[in-house]
Amino acid sequence: MLGMAWPTQKSAGMYSRLESQKTHLKSIGLQYHMYLLLNSHFFFLLKNKTGLTIFFLCAYIPNTEGDHCKWTEVLKDLEQIKTSKDIDVSLYTANTDEDKECQEPIMRCFFLEMNVILHECNIKNCSKTQDVYNILKNGNASFKNELSSTTSKKCKECEEYEEKSFTEFIQNFVKVIQKECK
């Protein structure tokens with residue numbers, strides 16, 4: 001019965017199936033040994049008072065990464081596109097010295113203008129289209145984690161800002177993000 005499941009002649013497909021099965025079995029074996037190792041150490045720790053204390057301290061200490069900023073990936077992609085010669089647009093550019101309470105609307109304006117850049121890149125087939133897309137994707141993901149607050153009446157609408165060149169827009173965007181990450 002087992003002989004009927006495999007082709008009788010040796011083929012590249014048969015060889016690759018055997019190799020993938022071996023790799024899969026090695027992976028399962030490794031996972032099982034890791035499970036046994038971690039399981040025995042974990043339960044050993046919970047058997048004594050010191051282990052229990054360490055477990056609870058580790059479980060309840062908040063993440064204290066001081067250098068973490070939710071805009072880090074956006075900042076990296078902005079560095080990638082700032083030298084692009086393909087993008088030649090005028091964009092509404094927020095000032096970097098706006099009030100702190102206007103920070104979220106300013107960020108939203110920058111991302112709205114990034115849509116203009118993406119549209120321009122799609123038309124001109126820019127070399128940095130993927131980086132622009134990544135900025136929008138990462139920016140949208142960061143905004144989804146926040147509740148949209150009510151904006152102050154003194155905060156400007158995007159179209160009220162002065163139109164500036166692509167280079168100035170990127171420079172201001174980077175400054176705003178750096179200010180947000182401090």
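This is a conversation about how terms are applied to one predicted model.

Colleague: What should I know before reading the values?

Modeller: The model is predicted: local features need pLDDT of at least 70, side-chain atom pairs count only at pLDDT 80 or more, and totals for chains, interfaces and linings use all residues. Residues are numbered from 1 along each chain as its sequence is written, and side-chain values use heavy atoms, with hydrogens and water left out.

Colleague: What makes up the secondary structure of the protein chain?

Modeller: There are seven helices and two strands. Helices are DSSP runs of H or I with at least four residues, strands are runs of E with at least two, and both are numbered from the N terminus. Along the sequence the pattern reads α-α-α-α-β-α-α-β-α.

Colleague: Why are H4 and H7 called roughly antiparallel?

Modeller: Helix H4 covers residues 72-81 and helix H7 residues 166-181; they pack at about 160°. Angles run from 0 to 180 degrees between N-to-C directions, and axes are lines fitted to C-alpha atoms, for helices over the stretch in contact. Under 35 degrees counts as roughly parallel, over 145 as roughly antiparallel, 65 to 115 as roughly perpendicular, and the rest as oblique. H4 and H7 are therefore roughly antiparallel. Their axes are 10 Å apart.

Colleague: What is the handedness of the crossing of H4 and H7?

Modeller: Left-handed. That term applies if the near helix is turned anticlockwise from the far one by less than a right angle; clockwise gives right-handed.

Colleague: Which residues in H4 and H7 meet?

Modeller: From H4 come Val74, Leu75, Leu78, Glu79 and Ile81. From H7 come Phe166, Ile170, Phe173, Val174, Ile177 and Gln178. The contact of H4 with H7 has nine nonpolar residues, one polar and one charged. Ala, Val, Leu, Ile, Met, Phe, Trp, Tyr, Cys and Pro count as nonpolar, Asp, Glu, Lys and Arg as charged, and the others, Gly among them, as polar. Contact itself means heavy atoms within 4.5 Å.

Colleague: How do H5 and H7 pack?

Modeller: H5 and H7 pack at about 145°, with axes 11 Å apart. The crossing of H5 and H7 is left-handed. Among the residues that meet are Met107, Phe110 and Phe111 in H5, and Phe169, Phe173 and Ile177 in H7. By class, the contact of H5 with H7 has eleven nonpolar, two polar and three charged residues.

Colleague: What makes Glu73 and Lys76 a salt bridge?

Modeller: The rule asks for a side-chain nitrogen of Lys or Arg within 4 Å of a carboxyl oxygen of Asp or Glu. For Glu73 and Lys76 the closest N and O atoms are 3.4 Å apart, so the pair meets the rule. Both lie in helix H4, three residues apart, about one turn of the helix. The count by this rule is five salt bridges.

Colleague: Where do the salt bridges of Arg108 with Glu104 and Lys124 with Glu120 lie?

Modeller: Arg108 and Glu104 lie in helix H5 (residues 103-124), four residues apart. Their N to O distance is 2.9 Å. Lys124 and Glu120 are also in H5, four residues apart, with 3.2 Å from N to O.

Colleague: Why is Glu104 called buried and Arg108 partly exposed?

Modeller: Buried means under 20% relative accessible area, exposed over 50%, and partly exposed in between, with a 1.4 Å probe and protein chains only. Glu104 has 16%, so Glu104 counts as buried. Arg108 has 30%, so Arg108 is partly exposed. Glu120, at 17%, is buried, while Lys124, at 43%, is partly exposed.

Colleague: What stands out about the phi of Asn125?

Modeller: Asn125 has a positive phi of about 55°, although it is not a glycine. Most residues other than glycine have a negative phi. Asn125 lies in the loop between H5 and helix H6 (129-144). At 68% relative accessibility, Asn125 counts as exposed.
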